[in-house]
Amino acid sequence: MGNFCVPTTVGLSGSYGWNKNNNNAASFAAYSINTGLSAGLSLSWNLFDGGSTITNVRNAKVNLEAQKILKEQLLVSIVRDFNNAWDDYENKLSVYRLQEHNIKTAQNNFDRTEEQFKLGQINSIEFRQAQINLLNAELSRNQAKYLAKIAEMQMLQISGDLLNIEF
C-alpha cells in the first residue's frame, strides 16, 4: 500500500545579475549594460515511496523496544551484582565476627593451659600446641578481616561509592 506524504522539500532561490559588454567601434552602441533580477520557488513531495517510510517507522519501533529490553536487562544485572556483593560482604563480616569469638575461646584455652603448665600438670608440647592454636586463631581472624574488607571494596565499587571520598 502506498504512502502519501506532505511536502518534504521547499526551496527558494533568487539572483541578481549585472553584465557590461564593450562593443567594437563598428557597432551601433559602444557598450551595453544588462541588469536583471530573478527569483524562484520550488516545492516537491513524494506521492509514493515504495513503503520505505512505513518500514523505517516499524524498524525504529523495533529498535526502541530492543533498547528498552537491553536497559531492563542491564538494570537487573546491576541490582543482581550489587545484591550478590552485599550478601558476600555480610557473610565475610559474619565470619570475621565468629573469628573474633574464636580468638576469645583460644585465649581462654591458652590461659588455662598456661596455668596447668605452671602447675606441672601438662608438658611443654601441650603448652606449645595451645600457643600455636592461639596464633592460628589470630591468623584466621586477620584473614577474615582482610576478606571482609575486600568484599566491602567490591560492594562500594559496584555501588559507585568507591571514588566518592571527601578530603
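The model is predicted, so local features are given only at pLDDT of at least 70 and side-chain atom pairs only at pLDDT 80 or more, while totals for chains, interfaces and linings use all residues. Residues are numbered from 1 along each chain as its sequence is written, and side-chain values use heavy atoms, with hydrogens and water left out. The protein chain has two helices and two strands, which follow the pattern β-β-α-α along the sequence; helices (H or I, at least four residues) and strands (E, at least two) are DSSP runs numbered from the N terminus.

- Buried residues make up 12% of the 167 residues in the protein chain, where buried means under 20% relative accessible area, exposed over 50%, and partly exposed in between, with a 1.4 Å probe and protein chains only.
- Among contacts (heavy atoms within 4.5 Å) between residues at least 6 apart in sequence, 63% join residues at least 24 apart.
- The accessible surface of the chain comes to about 13600 Å², of which 57% belongs to carbon and sulfur atoms; accessible areas come from the Shrake-Rupley method with a 1.4 Å probe, and for residues only the protein chains shown count as cover.

**Helix α1 and its packing**

- Helix α1 spans residues 52-119 and, with 68 residues, reaches 99 Å from its first C-alpha to its last, close to the 100 Å expected at 1.5 Å a residue, the expected span being 1.5 Å times one less than the number of residues.
- The buried residues of α1, among them Ala85, Tyr89, Tyr96, Ile103 and Phe110, pack against α2 (124-159).
- Gln99, also in helix α1, counts as buried at 17% relative accessibility, and touches Ala137, Ser140, Arg141 and Ala144 when residues up to four places away in sequence are not counted.
- After α1 comes Gly120, whose phi is positive, near 85°.

**Nonpolar surface patch**

- Val10, Leu12, Leu41, Leu43, Trp45, Leu47 and Phe48 make a nonpolar surface patch of about 860 Å²; patches are made of residues with over 30% relative accessible area and no salt bridge, with like charges joined within 9 Å and nonpolar side chains (Val, Leu, Ile, Met, Phe, Trp, Tyr) within 5 Å.
- Strands β1 (9-22) and β2 (31-44) each supply at least two residues of this patch, whereas Phe48 lies in the loop between β2 and α1 and counts as exposed at 56% relative accessibility.

**Salt bridges**

- The structure holds five salt bridges, each defined as a side-chain nitrogen of Lys or Arg within 4 Å of a carboxyl oxygen of Asp or Glu.
- Glu65 and Lys68 meet in a salt bridge at 3.8 Å, N to O, and, being three residues apart in helix α1, they are separated by about one helical turn; Glu65 is partly exposed at 42% relative accessible area, as is Lys68 at 41%.
- Lys92 forms a salt bridge with Asp88, the closest N and O atoms being 3.1 Å apart, and both residues lie in helix α1, four residues apart, about one turn of the helix.
- The side chains of Arg141 and Glu100 meet in a salt bridge at 3.9 Å, N to O; Arg141 lies in helix α2 and Glu100 in helix α1, so the pair ties together parts that are 41 residues apart in sequence.
- Arg141 counts as partly exposed at 23% relative accessibility, and Glu100 is partly exposed at 30%; the C-alpha atoms of Glu100 and Asn142, 42 residues apart along the chain, are separated by 9.3 Å.
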